[in-house]
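Please read them alongside the coordinates.

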Amino acid sequence: MVKKDRPKFPDSYIGDQALDYDSSNWMERNQKITTYRSIELLNDQNLGNFTDHDNNELLLLDLGCGSGFSTEVLLEEKYRVISIDILPDMLHYFREKKIDNSLIILADIRELPIRDNKIDHIISVSSFNFIYEDLYDDTEKNRVLRRTSKAIRDIMRENGRIVIEFYPESENDIKLLTKAFKSAGFDGFFVKDNSTASSAKMLLISASRVII
Ligand SMILES: C[S@@+](CC[C@H](N)C(=O)[O-])C[C@H]1O[C@@H](n2cnc3c(N)ncnc32)[C@H](O)[C@@H]1O
């Protein structure tokens, strides 16, 4: 398999790079495989606070939806979906797919334009690390992660779950992310999966919102 470089934000997702991203069968396959794995974790009855519902009763948020590969899987699985991304170029290719049963919003994960208590579950596939990647100082990373995880908690319903697949650069990144979600009241932990992607560093955090 061809080894892919670690993507750079925003360069890897604007202009021709956005088109390359959307046209890549490799990318589509990997995003979709990871999304199916995320859905498995959302529905893992061995994790705490699991509540069973029909998928069409649940409103999911896809954070950093890109050109829509993950959202396509969520819709195939009959969830109701809101999809958010910060880059118009990526959303352009999403909109070209004419998937009209998802609400697409141009927005920043760090400034979510969603009212409290609206979302059942959240997935974020290969996007979350970009919210702090340009920050080298732990204090700054910590500030952004804590603020974002609290805002995420507020928009979620009780016992909602979030699965974030991301690419930590170090153990410290994992610690910062876990601590931020725990301080926001999530029961957060990591699942380290064998990745089908070329990157050896694929980790998932699955967390459930508990009222504290
Ligand atoms: C790997 S891509 C998209 C992956 C997506 N799961 C898919 O199926 O295509 C990562 C995306 O994260 C988005 N992103 C990065 N930082 C963001 C932020 N602060 N808020 C919202 N989206 C962001 C990028 O614009 C990019 O589209």
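This is a predicted model: local features need pLDDT of at least 70, side-chain atom pairs count only at pLDDT 80 or more; totals for chains, interfaces and linings use all residues.

1. Numbering starts from 1 along each chain as its sequence is written.

2. The protein has 6 helices and 7 strands, taken as DSSP runs (H or I, at least four residues; E, at least two) numbered from the N terminus. Their order from the N terminus is α-α-β-α-β-α-β-β-α-β-α-β-β.

3. Of the 212 residues, 39% count as buried, that is, with 20 or more other C-beta atoms within 10 Å of their own, C-beta atoms being placed from the backbone.

4. There are 22 residues around the ligand, and Gly64, Gly66, Phe69, Ser127 and Phe130 come nearest; a residue is near if its C-beta atom, placed from the backbone, lies within 6 Å. Helix H3 (69–76) and strand S2 (80–85) each supply at least two residues of this shell.

5. Helices H5 (residues 138–155) and H6 (residues 171–183) pack at about 40°, with axes 8 Å apart; the axes are lines fitted to C-alpha atoms over the stretch in contact, and angles run from 0 to 180 degrees between N-to-C directions. H5 is therefore oblique to H6, as the angle is not under 35 degrees (roughly parallel), over 145 (roughly antiparallel) or 65 to 115 (roughly perpendicular).

6. On the H5 side the contact includes Leu145 and Arg146, and on the H6 side Leu177 and Phe181; contact means C-beta atoms, placed from the backbone, within 7 Å.

Technical notes:
Two residues are in contact if their C-beta atoms, placed from the backbone, lie within 7 Å. A residue is buried if 20 or more other C-beta atoms lie within 10 Å of its own, exposed if 12 or fewer, and partly exposed in between; C-beta atoms are placed from the backbone.
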